[in-house]
Amino acid sequence: GNNVGGLVGENWGTVERSYWDVETSRQTISAGGEGKTTAEMKRKATYVGWDFEGVWDIEERESYPWLRAFVKHRVK
């Protein structure tokens with residue numbers, strides 16, 4: 001319908017350091033955030049300003065970022 005976007009369909013505020021996958025969503029526009037390819041979404045360098053030491057984690061080139069608080073024990 002109306003107000004469809006990759007990350008945000010309609011926005012009256014500010015969206016910063018937020019991203020969506022343009023390939024899996026098939027959405028190339030959004031009212032906020034930045035569209036990235038699947039490969040870019042799986043790279044730590046994409047997420048400028050994100051705290052990968054205490055808040056976020058990622059398996060480089062293998063996964064999207066995840067919140068550390070939601071993972072009690074991760075087996076590699």
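1. Let's start with Lys36, which is buried because its relative accessible area is 18%, under the 20% cut-off. The side chain of Lys36 meets that of Glu34 in a salt bridge, with 3.4 Å from N to O. Glu34, for its part, counts as partly exposed, at 40% relative accessibility.

2. Keep in mind that you are looking at a predicted model. The mean pLDDT of the protein is 82, and 75% of the residues reach 70 or more. Helix H2 (residues 38–41) has the highest confidence, at 96, while strand E1 (residues 19–21) has the lowest, at a mean of 88.

3. How many salt bridges does a search of the whole structure find? The search finds two. Beside the Lys36 and Glu34 pair, the side chains of Arg68 and Asp57 meet in a salt bridge, at 3.7 Å from N to O. Arg68 lies in the segment after E4 and Asp57 in strand E3, so this pair ties together parts that are 11 residues apart in sequence. Arg68 is partly exposed at 32% relative accessibility, and Asp57 is partly exposed too, at 25%.

4. Now have a look at Arg26, in the loop between helix H1 (22–25) and strand E2 (34–36). Arg26 is not a glycine, yet its phi is positive, at about 60°. With 73% relative accessibility, Arg26 counts as exposed.

5. Arg61 is worth a look as well: its phi is positive, about 65°, although it is not a glycine. You will find Arg61 in the loop between strand E3 (56–57) and strand E4 (66–67). Arg61 counts as exposed because its relative accessibility is 57%, over the 50% cut-off.

Terms used: Residues numbered from 1 in each chain as written. Predicted model: local features only at pLDDT ≥ 70, side-chain atom pairs only at ≥ 80, totals over all residues. Heavy atoms only, no water. Helix = DSSP H or I, 4+ residues; strand = E, 2+ residues; numbered from the N terminus. Buried < 20%, exposed > 50% of the residue type's maximum accessible area, 1.4 Å probe, protein only. pLDDT = per-residue confidence, 0-100. Salt bridge = Lys/Arg side-chain N within 4 Å of Asp/Glu carboxyl O.
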